[in-house]
Amino acid sequence: MSGSQLEQAISALINLFHKHSGPDDTIEKEALLQLLKENFPNFLSACEKKGRHYLSNIFEKKDKNKDQKIDFSEFLSLLADIASDYHNHSHGAELCSGGNQ
């Protein structure tokens, strides 16, 4: 898809979601954890170094409707938390220091 840099970034997020989601357009726990491990190794490593086990309860926190699946809006909420942490990092904060994890 051609388009602006932001349009391409959104398309990439949608493609990433679809790569890991099932036919019902949701992501199950194991697939979400794999997606995070593959795409955020530096973030997760920073969390582990601080003794924060980010992956241990992120699924339960983001599964707002408690259906044991992550839909696209729940996925975006998770990415927003991580993006906020990276934004804080751009201003000098350490990775995995945000309050949303």
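**Helix packing and aromatic contacts in a predicted model**

Phe 17, Phe 72 and Phe 75 come together as one aromatic cluster.

Q: How many aromatic pairs does a search of the whole structure find, and how are the planes of Phe 17 and Phe 72 arranged?
A: The search of the whole structure turns up five aromatic pairs. For Phe 17 and Phe 72, the ring centres are 5.1 Å apart and the planes meet at 80°. Plane angles over 60 degrees count that way, so this pair is edge-to-face.

Q: Which helices does the pair of Phe 17 and Phe 72 tie together, and how many residues apart in sequence are the parts?
A: Phe 17 sits in helix α1, while Phe 72 belongs to helix α5. The pair therefore links parts of the chain that are 55 residues apart in sequence.

Q: Is Phe 17 buried or exposed, and what is the relative accessible area of Phe 72?
A: The cut-off for buried is under 20% relative accessible area. Phe 17 has 1% relative accessibility, so it counts as buried. Phe 72 is partly exposed, and its relative accessible area is 28%.

Q: Which residues have the most contacts inside the largest nonpolar core?
A: In general, nonpolar side chains of soluble globular proteins tend to be buried together. Here the largest nonpolar core has 23 residues. Each of α1 (5-20), α2 (29-39), α3 (41-49), α4 (54-62) and α5 (72-90) supplies at least two residues of this core. Those with the most contacts inside it are Leu 32, Leu 36, Phe 43, Tyr 54 and Phe 75.

Q: Are α1 and α2 parallel or oblique to each other?
A: The contact between these helices is made by Leu 16, Lys 19 and His 20 of α1 with Ala 31, Leu 35, Glu 38 and Asn 39 of α2. Their axes lie 9 Å apart, and α1 passes α2 in a right-handed crossing. The packing angle is about 135°, so α1 and α2 are oblique.

Q: What is the orientation of α2 relative to α5?
A: Leu 32, Leu 35 and Leu 36 of α2 meet Phe 75, Leu 78 and Ile 82 of α5. The crossing is right-handed, and the axes are 13 Å apart at an angle of about 30°. Angles under 35 degrees fall in one class, which makes α2 and α5 roughly parallel.

Q: Which residues is Leu 35 in contact with, leaving aside its neighbours within four places in sequence?
A: Leu 35 lies in helix α2 and is buried, with a relative accessible area of 0%. The C-alpha atoms of Leu 35 and Leu 16 are separated by 8.3 Å, although these residues are 19 residues apart along the chain. Beyond the neighbours within four places in sequence, the contacts of Leu 35 are Leu 16, His 20, Ile 27 and Phe 75.

Q: Where is Asp 25, and what is its phi?
A: Most residues other than glycine have a negative phi. Asp 25 is in the loop between α1 and α2 and is partly exposed, at 37% relative accessibility. Although Asp 25 is not a glycine, its phi is positive, at about 60°.

Q: Is Cys 96 buried or exposed?
A: Cys 96 lies in the segment after α5. Its phi is positive too, at about 65°, although Cys 96 is not a glycine. The relative accessibility of Cys 96 is 1%, so this residue counts as buried.

How values were computed: Residues are numbered from 1 along each chain as its sequence is written. This is a predicted model: local features need pLDDT of at least 70, side-chain atom pairs count only at pLDDT 80 or more; totals for chains, interfaces and linings use all residues. Side-chain values use heavy atoms; hydrogens and water are left out. A nonpolar core is a set of buried Ala, Val, Leu, Ile, Met, Phe, Trp, Tyr and Cys residues joined through side-chain atoms within 4.5 Å. Buried means under 20% relative accessible area, exposed over 50%, partly exposed in between (1.4 Å probe, protein chains only). Helices (H or I, at least four residues) and strands (E, at least two) are DSSP runs, numbered from the N terminus. Rings of Phe, Tyr and Trp (its six-membered ring) pair if their centres lie within 6.5 Å; planes under 30 degrees apart count as stacked, over 60 as edge-to-face and the rest as tilted. Axes are lines fitted to C-alpha atoms, for helices over the stretch in contact, and angles run from 0 to 180 degrees between N-to-C directions. Angles under 35 degrees count as roughly parallel, over 145 as roughly antiparallel, 65 to 115 as roughly perpendicular and the rest as oblique. A crossing is left-handed if the near helix is turned anticlockwise from the far one by less than a right angle, and right-handed if clockwise. Contact means heavy atoms within 4.5 Å.
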